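I opened this notebook page to record what I looked up in one protein model. The entries run from the overall fold to a single residue.

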Amino acid sequence: MVEVKGDDRTNDDSKTKLKLGSKWADKAGDKYFYFMVFENSKIEGSLLIDEFIDTIKEL
């Protein structure tokens, strides 16, 4: 699952969603992933677009 966020969404709500998404991916199994992606700024645990593309290439 990929959740694309606007750079103005680096708030507590996004931090909570990131934690929930990560827990979902952990419980869903090895074939499931959760990524929160920002264009220019990010929160801890999320990715920028370029980082996301590199990560997908490695899967």
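I read the order of elements along the sequence as β-α-β-β-α, which comes to two helices and three strands. Helices (H or I, at least four residues) and strands (E, at least two) are DSSP runs, numbered from the N terminus.

I noted that this is a predicted model, in which local features need pLDDT of at least 70, side-chain atom pairs count only at pLDDT 80 or more, and totals for chains, interfaces and linings use all residues. Residues are numbered from 1 along each chain as its sequence is written, and side-chain values use heavy atoms, with hydrogens and water left out.

I then looked up the overall dimensions. The C-alpha atoms fill a box of roughly 30 × 25 × 15 Å along the principal axes.

I looked up how much of the chain is buried, meaning under 20% relative accessible area, with exposed over 50% and partly exposed in between (1.4 Å probe, protein chains only). Buried residues account for 25% of the 59 residues.

I also checked contacts (heavy atoms within 4.5 Å). Of those between residues at least 6 apart in sequence, 46% join residues at least 24 apart.

My last entry concerns one glycine. Where is glycine 45 found? I located glycine 45 in the loop between strand S2 (35-38) and strand S3 (47-48). Glycine 45 counts as exposed because its relative accessibility is 61%. I recorded a C-alpha to C-alpha distance of 9.1 Å between glycine 45 and serine 22, which are 23 residues apart in sequence.
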